[in-house]
Amino acid sequence: MSGPSGGGRVGGGGPVGGGGPAVLVAGVSKVFNPGRTGQVEAVRGVDLEIERGEFISLIGPSGCGKSTLLRLVANLTDPTSGTVIVNGKTARQARLDQAYGMAFQQSGLFEWRTVTKNIELPLELRGWDRVRRQSRAAEMLKLVKLEDFADHHPWELSGGMQQRVAIARALAFDPPLLLMDEPFGALDEMTREHMQAELNRICEATGTTAVFVTHSIPEAVFLSDRVVVLSPRPGRIVTVVEVELGARNDDTRETPEFFKKITEVREALRGSA
Amino acid sequence: MAGVTQVPAVAERDPHVAAWRRRVRRVVMFVLALAVLAALWEGYKWFGQSVGDRVFGWRLPARSDNGSMPHVWDVVRRFGQPERRGTSHTIGATVAAGAWFTFRVAMAGFVVGVVVGMALAVVMQRFGVAERGLLPYVVLSQTVPLVALAPLVVGWGGNLTVFGIRWQLWMSVAVIAAYLAFFPVAIGGLRGLQAPGSEAVELMDSYAASWGQTLLKLRLPAAVPYLVPALKLAAASSVVGAVVAEISTGTKGGIGRLIIEYSREATSDPAKVYTAMIGAAALGLVVAALVGILDLVMMRHRPQVGS
Ligand SMILES: Nc1ncnc2c1ncn2[C@@H]1O[C@H](COP(=O)(O)OP(=O)(O)OP(=O)(O)O)[C@@H](O)[C@H]1O
Ligand SMILES: [Mg+2]
């Protein structure tokens, strides 16, 4: 059960015990509107195995099917062929069991709820009582360093703060798996790097498995144990770049290994185009 | 000392102070508008009387004698006088009682209309098919003229007993008010329920939220900004519907009935019909104010557009 990457922080198991990979994608293809006008083959023949506690990035040209692949894992759309297994269950069962948390490009916070209430949303849906919800929300706010904004509404926060709330919401019920679709896409470079460090710290602290879609090569390299490079549409896996940077901090961004991996991913992307 | 000079600055920026200032300003503007209206009325009268209602040989659009346009003060004074010779209650009391009656009927219609409108919106949102099948009929329903509808509703209700309660005429009036009120709620509610983007809906799906949970936690709160203007329209419609329905069904006790009754006495007692019309306008204002409060309550803690 040791990660194939040997990456820096693949510890023994995730928060959920038991054997087997966190995510298993086998021979998955997705065709939208098959047999109709507007037929699009988004993903073709993807095989991917993600270990528990591993951090995986998906990178590839725009429209290559990254979001689609993530949505297939989340069971927000069904594959045309192939199977997706999450924590040993079918993707559908995993969704019904709320086995993952999700964060999108837009923070997707509900404007009529305070920051705390937003974080409590998934807990309400799971039927947690008020006391338990509040103490967990407070805990999560501390994790993303937003304790002072508990009773603010989303529109009173900056974009980066909203993203942090969204990540806190995704993590609130301790999901063993975190799915993120360009969550930092709308942020400026400095905020972005700060958020990457935060996410790195959070995932390390909680041992969460993460699948992270991004357009940014340095972001993918900084965060991941493995970077999955996809071809233009239909998305196929071109290469999987293993990143062995160990524990990461801001200095990591200036190490030769970091630049070496960036070059490796860039060349894989270029070769695929 | 610095603290002392800072106090007014802080008060200046306090949003509550600003909000109250806005409200006071609105009331002042309203009183001013009434004064301007009264001045225009009296000005027109004065002008009409001094030129004999003719300008360059053209007749003025309305006659300005006291029989057609009583003085503002005569109308105001009329409120405090007995309704007719020999009665003890004042006309003000009668108009207020009529407005109160119509208010209750209109509110009954409003509540029924809102419930029906919301139910329709939820059904149309839930089953996309229903939207296609139902929406045209919802729109069509509003093209039926009220005066044609009123006798029908009275006729249906004529010998009806619901839960052991005999159908009464005011219920027919409330049904007609509801008939007008449900429309904006159904349309606005549907738009509001459909307002959440696919990301928000997918978020709820990712939590394996049921349809009911998604309705309660996402769609209904998201619909509030659409529902507020819809409820304003519905409240206004239910008052108009109640007044018109009172008149066309011959229901006694309401302000609509008073307008008809008093207008028959327009030649002998011209100020009287205006008291009833002012009563109807005041009723409209009261309802508008109530909906304004509803707006404040429902839209607090929402991003203020343009502030
Ligand atoms: N619901 C859908 N119906 C039809 N086609 C779709 C749907 N969702 C995605 N597609 C198509 O599938 C292809 C892949 O889309 P996807 O959103 O997965 O790309 P992406 O890699 O996430 O792109 P980007 O980096 O720009 O976000 C696109 O050509 C898109 O048009
Ligand atoms: Mg995408």
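**Close-up 1. Around L179(A) in the nonpolar core.** Setting aside neighbours within four places in sequence, L179(A) is in contact (heavy atoms within 4.5 Å) with L70(A), V73(A), A74(A), Y100(A), G101(A), M102(A), A103(A) and V211(A). L179(A) is also, together with I119(A), L199(A) and V265(A), one of the residues that touch the most other members of the largest nonpolar core, which has 93 residues. Such a core is a set of buried Ala, Val, Leu, Ile, Met, Phe, Trp, Tyr and Cys residues joined through side-chain atoms within 4.5 Å. The biggest contribution to this core comes from α5(A), with 7 residues. A second, separate core holds 50 residues, among them L120(B), V185(B), L215(B) and L258(B).

A note before moving on: this is a predicted model, in which local features need pLDDT of at least 70 and side-chain atom pairs count only at pLDDT 80 or more, while totals for chains, interfaces and linings use all residues. Residues are numbered from 1 along each chain as its sequence is written, chains are lettered from A and ligands numbered from 1 in the order in which they are written, and side-chain values use heavy atoms, with hydrogens and water left out.

Close-up 2. E124(A) sits in helix α3 (residues 115-125) of chain A, and R113(A) in the loop between β6 (100-103) and α3, 11 residues apart. Helices (H or I, at least four residues) and strands (E, at least two) are DSSP runs numbered from the N terminus. Both E124(A) and R113(A) are buried, where buried means under 20% relative accessible area, exposed over 50%, and partly exposed in between (1.4 Å probe, protein chains only). A network of salt bridges links R113(A) and E124(A) with K217(B).

**Close-up 3. K145(A) meets E198(A).** The side chains of these two residues, K145(A) and E198(A), form a salt bridge at 3.6 Å, N to O. K145(A) lies in the loop between α4 (130-143) and α5 (159-171) of chain A and E198(A) in helix α6 (residues 189-206), so the pair ties together parts 53 residues apart in sequence. K145(A) is partly exposed, at 49% relative accessible area, whereas E198(A) is buried at 6%.

**Close-up 4. A salt bridge within one helix of chain B.** R77(B) and D74(B) are joined by a salt bridge, their closest N and O atoms 3.3 Å apart. Both lie in helix α3 (residues 72-79) of chain B, 3 residues apart, about one turn of the helix. D74(B) is partly exposed, with a relative accessible area of 26%.

**Close-up 5. Where chain A touches chain B.** In this view, 23 residues of chain A are in contact with 18 residues of chain B. The two chains bury about 2000 Å² between them, 64% of it on carbon and sulfur atoms; buried area is the accessible area (1.4 Å probe) that two parts lose on being put together, summed over both. F104(A), W112(A) and L125(A) supply 32% of the area that chain A buries against chain B, more than any other three residues. Across this interface of chain A and chain B there are 3 salt bridges. E202(B) forms a salt bridge with R71(A), the closest N and O atoms being 2.1 Å apart.

Methods
A salt bridge is a side-chain nitrogen of Lys or Arg within 4 Å of a carboxyl oxygen of Asp or Glu.
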